[in-house]
Amino acid sequence: MRIYYYPSCSTCKKALKWLDNNEIAYEKKHIVDAKLTTKEIEDIFKKSGLPIQKLFNTSGRVYKELNLKDKLKDMTEKEKLELLASDGMLLKRPILVNRTFALIGFKEDEYKEKLV
């Protein structure tokens with residue numbers, strides 16, 4: 001299992017603490033340094049079962065600077081995946097991924113359901 005995180009993100013810190021407290025093994029990857037490919041993001045998207053918009057960090061600086069709130073509705077799924085792959089700061093975090101599922105953000109109930 002792998003978790004993509006950003007060190008100063010408080011939600012990521014909560015997720016990591018929860019995983020540690022529940023003695024769940026994981027590999028940490030810095031969400032920006034990991035440089036996820038379009039294919040990897042597509043895999044996360046499919047495993048998450050969420051609409052693709054839910055993968056975007058809508059409160060992030062890059063999202064706001066690019067005015068994506070207005071632009072996303074006119075983009076294809078492929079364009080959105082490519083955009084997410086272009087900058088790790090566009091991805092909502094943390095992202096917890098294994099062979100069968102992906103959890104976007106940290107909701108303790110979801111982590112309990114999938115991991116405990």
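Two strands count as paired here if DSSP finds at least two bridges between them; helices (H or I, at least four residues) and strands (E, at least two) are DSSP runs, numbered from the N terminus. The model is a predicted one, so local features need pLDDT of at least 70 and side-chain atom pairs count only at pLDDT 80 or more, while totals for chains, interfaces and linings use all residues. Residue numbers start from 1 along each chain as its sequence is written, and side-chain values use heavy atoms, with hydrogens and water left out.

On those terms, strand S1 (residues 2-5) and S2 run parallel, joined by four bridges. Tyr5, for instance, has His30 in S2 as its bridge partner. Both strands belong to an open, four-stranded sheet with mixed pairing and the order S2-S1-S3-S4. Strands S2 (27-30) and S4 (102-104) sit at the edges, each pairing on one side only. Neighbouring strands are turned by 15° against each other on average, direction ignored (axes are lines fitted to C-alpha atoms, for helices over the stretch in contact, and angles run from 0 to 180 degrees between N-to-C directions).

Now for the helices. Helix H1 (residues 10-21) packs on the sheet and touches S1, S2 and strand S3 (95-97), contact meaning heavy atoms within 4.5 Å. The direction of H1 makes about 155° with that of S1. Helix H6 (residues 108-115) lies across S1, S3 and S4, and runs at about 170° to S4.

Helix H5 (residues 77-86) holds Lys80. Leaving aside residues up to four places away in sequence, Lys80 touches Ile52, Gln53, Phe56, Leu72 and Met75.
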